[in-house]
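Please open the structure in a viewer and keep the selection tool at hand.

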Amino acid sequence: MNAGGEAVFPRWSVLIPTWNGRHLLEEALGGLDAQVLRDFEIVVVDDGSDDDTVAWMGDRRRDDRLIKLPTQSGLAAALNRGIEAARGQFIAVLNNDAVPEPGWLEALDCAFAAAPGTSFLASRIRLYDDPLRLHAAGDTYGRNGLPGNRGVWEADGPPFTEPCEVFGACAAAAAYRRELFDDIGVFDEDLVMYCEDVDLDWRAQLAGHRCRYVPDAVVRHRLSATAGGEIASYLVARNRPLVAVMNLPGFLWRRGWWRIAGAQLRLAFEALRAIQGRAARATLAGQLASLGHLPRAWRKRSRRQRSRRVADDYIDALLER
C-alpha cells in the first residue's frame, strides 16, 4: 500500500517453477537478489515437491511469494499458476536451474521500453558448466516441424552479440508482456513440459506478436537439472508432432508434409538403431503416444488457425530452411 492506501504493484514478476529443486533454488534466487533492477517480486511455484523446498522457503525466503501445488502437475501448469498470481506489468520466467547475471532483468526491461511493439523476449542463455558456449539465443523452428535453440552448443560471440527478432524464446529464461497472455492464453497444460514454450511461441506468432533476442540479458543454465533422462526423451518425442499439428498453417503442410513426416521417421529410425538404450525406447514410446493425442490436437488446431492474424509470407520467413 502507498500513503493513500492504494495497492502498489511491482513492475516485474519473476516466476520460478520448481520440483524437488531446493538444492538449485539458492543459487537461482541469489542471482535475483543481485539484480541491478530492483522493482520486481519473486514468485516460486512448488510443483508438489517432496523435498524440503517449502520448509526452506518459509525459513529463508519469507519475503518471496510461494505457491504450493498439492500434487505434481507439470511445468506448464506450474507456470500458469504463477502467471495467475503475478502482479507485475511484465512477467519473467526462470528455471530453478538457471542463474541470471546481475543485469539480466534490467536488460529485459530496457528492451521492452525500446521496442513497444515486441510482446516477448529471449535471453542469452549460456551453459552453466561451459559459459563460453550457448544453450540458446532465442528459439528457432524448421520447415521439417522440429524446434531448435538458436546457437546451441556454439561458441558465444558474433552473431549472438547483436539483438534481433527471433521465432521465440526458450522459457528457461524469457520475458512476456502481461497483455500477451491476455490475448493468446497461457501455456498448454496438456503438453505437461518440454515444447510448451515452443507451442506458446507459435500461438504468439500466429496472432501477430513479435519476439526479440536480448543479448545483454545473460543467464547460465544447467541443462535438465530438475527433469531429464527418459521422461524428457518421452515428452519431447510426444510433444514435437503435436505442436506441429496444432500450429503449422495449412500451406506448410501442403508444401512440405513429406519433410515433416520424414523428420519423424528419421528420429524413429535413430531410436530403433539405439533400441537398447532407455532414452531411445522412451523416444519411440513418446512418438507412439502422440497418436492418441492427435484428435485433441486437431481440435485445438482448428481454433488456432481460424484466429490467425498474419499472412503466409510472414510465417514462412520466420522458419529455418
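In which helix does Asp109 lie? Select residues 104–114: this is helix 4, and Asp109 lies within it. Please keep in mind throughout that the model is predicted. Asp109 counts as buried, at 12% relative accessibility. Now display its surroundings: leaving out residues up to four places away in sequence, Asp109 touches Arg11, Trp12, Leu37 and Phe90.

**Strand 5**

Next, select residues 98–100, which make up strand 5, and locate Pro100 there. Pro100 is buried, with a relative accessible area of 4%. Its contacts beyond four places in sequence include Ala28, Gly31, Leu32, Gln35, Val218 and Val219.

**Aromatic rings**

Select Phe120, Tyr176, Phe181 and Phe187, which form one aromatic cluster. The structure has a count of 10 aromatic pairs. One of them joins Phe181 and Phe187, with 6.3 Å from centre to centre and 50° between the planes.

Select Arg222 and Tyr128: the charged end of Arg222 sits over the ring, 3.8 Å from its centre. Then select Arg150, which lies over the face of Tyr213 at 5.1 Å from the ring centre.

**Cysteines**

A disulfide is a covalent bond between the sulfur atoms of two cysteines. How many disulfides does the structure hold? It holds zero. Select Cys110 to examine one case: its nearest cysteine sulfur, that of Cys211, is 17 Å away. Cys110 counts as partly exposed, at 46% relative accessibility. Now select Cys164, which is also partly exposed, with a relative accessible area of 21%. The closest cysteine sulfur to that of Cys164 belongs to Cys211 and is 9.2 Å away, so the two are too far apart for a bond.

Most residues other than glycine have a negative phi, and most peptide bonds are trans. Move to the loop between strand 9 (147–149) and strand 10 (164–166), where Pro159 is found. The peptide bond that joins Pro158 and Pro159 is cis, with omega about 5°. Trp153 is placed in the loop between strand 9 and strand 10 as well; its phi is positive, about 70°, although it is not a glycine. Then select Val192, in the loop between helix 5 (178–184) and helix 6. Val192 likewise has a positive phi, near 70°, and counts as partly exposed at 25% relative accessibility.

**Helix 9**

Finally, select residues 278–306, the 29 residues of helix 9. Does the distance between its ends agree or disagree with the span expected? At 1.5 Å a residue the helix should span 42 Å, and its end C-alpha atoms are 40 Å apart, so the two agree. Follow the helix to His293, where there is a kink of about 55°, shortly before the proline Pro295. Among the buried residues of helix 9 are Ala280, Leu284, Gly286, Ala297 and Arg301. To see part of what covers the buried residues, display helix 6 (196–206), helix 7 (229–247) and helix 8 (250–273).

Technical notes:
Residues numbered from 1 in each chain as written. Predicted model: local features only at pLDDT ≥ 70, side-chain atom pairs only at ≥ 80, totals over all residues. Heavy atoms only, no water. Phe/Tyr/Trp six-rings, centres within 6.5 Å; stacked < 30°, edge-to-face > 60°. Lys NZ or Arg CZ within 6 Å of the ring centre and 35° of its normal. Disulfide = S-S within 2.5 Å. Buried < 20%, exposed > 50% of the residue type's maximum accessible area, 1.4 Å probe, protein only. Helix = DSSP H or I, 4+ residues; strand = E, 2+ residues; numbered from the N terminus. Contact = heavy atoms within 4.5 Å. Expected span 1.5 Å × (residues − 1). Bend = angle between axes of the 7 residues up to and from the residue.
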